[in-house]
Structures are given as structure tokens and as C-alpha cells.
Amino acid sequence: MIQNTFREQRRKLTINASTLILTIGDITKQTTDTIVNAANSRLAGGGGVDGAIHRAGGAEIMRECRKIGGCPTGKAVITTAGALKAKYVIHTVGPRYYEGTGKEAELLKSAYLESLKLASKKNLTSIAFPAISTGAYGYPLHEAARIALQTTIDYLKGHQDVHLVKFVLYDQGTYEIFAEELKKLQ
Ligand code: ADP
């Protein structure tokens, strides 16, 4: 008998006609209509996924960010995607966990929700998210994953217009935690 030793690196959930996928990868390489940037409220660029998107996308994204001027925590704005394969970048601002305002969960949920709503509004049918707030902003991974997934599942239950939501996790550990949390929610 052949043993299947292949380690599954993609996980999928179907909700109505839409698909939620977890995968390991680099968000700047995604071909979804839009990718989401974990930005800061000044839209000033920075490290982590934000830096990677601006580096790979070129100066046009920053020009548009400067014109917009900023984005409050929990909200989202949209620019074109410069040299990236995606057509747009939705810039959302997750909460800094260590600020301890007590509003972290609400604001993280809002960052995902506002991004999804903006995709719907712009008729974008596929969207790729990173694990917002879980890097420099220090949000504990299990809770962040649960909020990300629950918010997306609830949204897809009520909206048929977004066909694909992809979570592009940057490392194996983050992927495993998202996979665990997704299992719990199924
Ligand atoms: P935040 O400031 O919201 O915490 P970070 O960019 O510091 O944002 O981290 C958010 C997540 O994005 C982390 O899990 C980090 O490992 C991941 N990340 C960094 N670069 C990339 C990339 N190119 N593609 C996808 N995820 C990335």
C-alpha cells in the first residue's frame, strides 16, 4: 500500500458558492483581484508585509497612499497595485495588541470586515489576506486567526459576490494555527 506522506499545505472551506483557502506563501505574488496590506494609520509604509508590498509594487502605490493621506485603525482604503499581479491593494489598519485599549478584537474584526466590504463595493471577486496585526503589532496568533476566519465565514454566508478569500500565511507555524482554528469553526 502506498503511504500518503504528502503534507497538505492548502486547506479549503466552501461556503455557499464561495471558497476560503489557507495557504503558505508571499502575498505579493498573489493573482487575486486584490490583496490586502496590513498598513499603518499614516499609510506611510514600513516593515513586514507593508514593506514587501511597496517594494514589489513600486512607487505608484505610495503615491496613491499619500493622496489618501491616512486610514483609521479598523478601516480600509484602496489603491491600484502598481507592478503587482493583483489589480488592487486594499490597505487596512489592524490594532496594536499591546496598546491594551480593550478594543483590539473589535478593531481586528473591523479591519477584515471593512476590507471585505470594500472588495464587494468595487466588484472584486477574489481577495488575499495576510495575518493582520500578528507581526509587529503583536496580536496573539490563535485569537487573531479565529477572528479572521469567523469574520470571513460570516461575511461569505451573507455575500455571494466575493467568490474567493485566500489567507496567505508567511510561515508554517502561522499556517498551522490558522488550520487549527479553521477546523474548530467547521
Ligand atoms: P502588523 O504590523 O499588522 O503586525 P506585519 O507585516 O508585521 O503586520 O505582520 C503581519 C503578518 O504578515 C505576519 O504574520 C508576517 O509574518 C506576515 N508577512 C510578512 N511578510 C509577508 C508577505 N510578503 N506575505 C505574506 N505575509 C507576510
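Which residues are buried in helix H2 (residues 59–68)? I put this to the model, which is a predicted one.

**Entry 1: helix H2.** I found Ile61, Met62, Glu64 and Cys65 buried in H2. Looking down the axis of H2, I saw that its buried residues fall within an arc of 160 degrees, so they line one face of the helix.

**Entry 2: what H2 packs against.** I looked up the partners of the buried residues of H2, and they pack against helix H1 (48–57), strand S4 (76–80) and strand S5 (88–92). I also checked what comes after the helix: Gly69 follows H2, and its phi is positive, near 95 degrees.

**Entry 3: the sheet.** I traced an open sheet of 7 strands with mixed pairing, in the order S1-S2-S7-S6-S3-S5-S4. I identified strand S1 (10–15) and S4 as the edge strands, each pairing on one side only. I recorded that neighbouring strands of this sheet are turned by 20 degrees against each other on average, direction ignored.

**Entry 4: strands S3 and S5.** How many bridges join strand S3 (residues 34–38) and S5? I counted 5 bridges, and the two strands pair in the parallel sense. I followed Val36 across to S5, where its bridge partner is Ile90.

**Entry 5: helix H1.** I placed H1 across S3 and S5, and it runs at about 130 degrees to S3. I had already listed H1 and S5 among the elements that the buried residues of H2 pack against.

Notes. Residues numbered from 1 in each chain as written. Predicted model: local features only at pLDDT ≥ 70, side-chain atom pairs only at ≥ 80, totals over all residues. Heavy atoms only, no water. Buried < 20%, exposed > 50% of the residue type's maximum accessible area, 1.4 Å probe, protein only. Helix = DSSP H or I, 4+ residues; strand = E, 2+ residues; numbered from the N terminus. Arc of directions from axis to C-beta. Contact = heavy atoms within 4.5 Å. Pairing = 2+ DSSP bridges. Axes fitted to C-alpha atoms, helices over the stretch in contact; angles between N-to-C directions.
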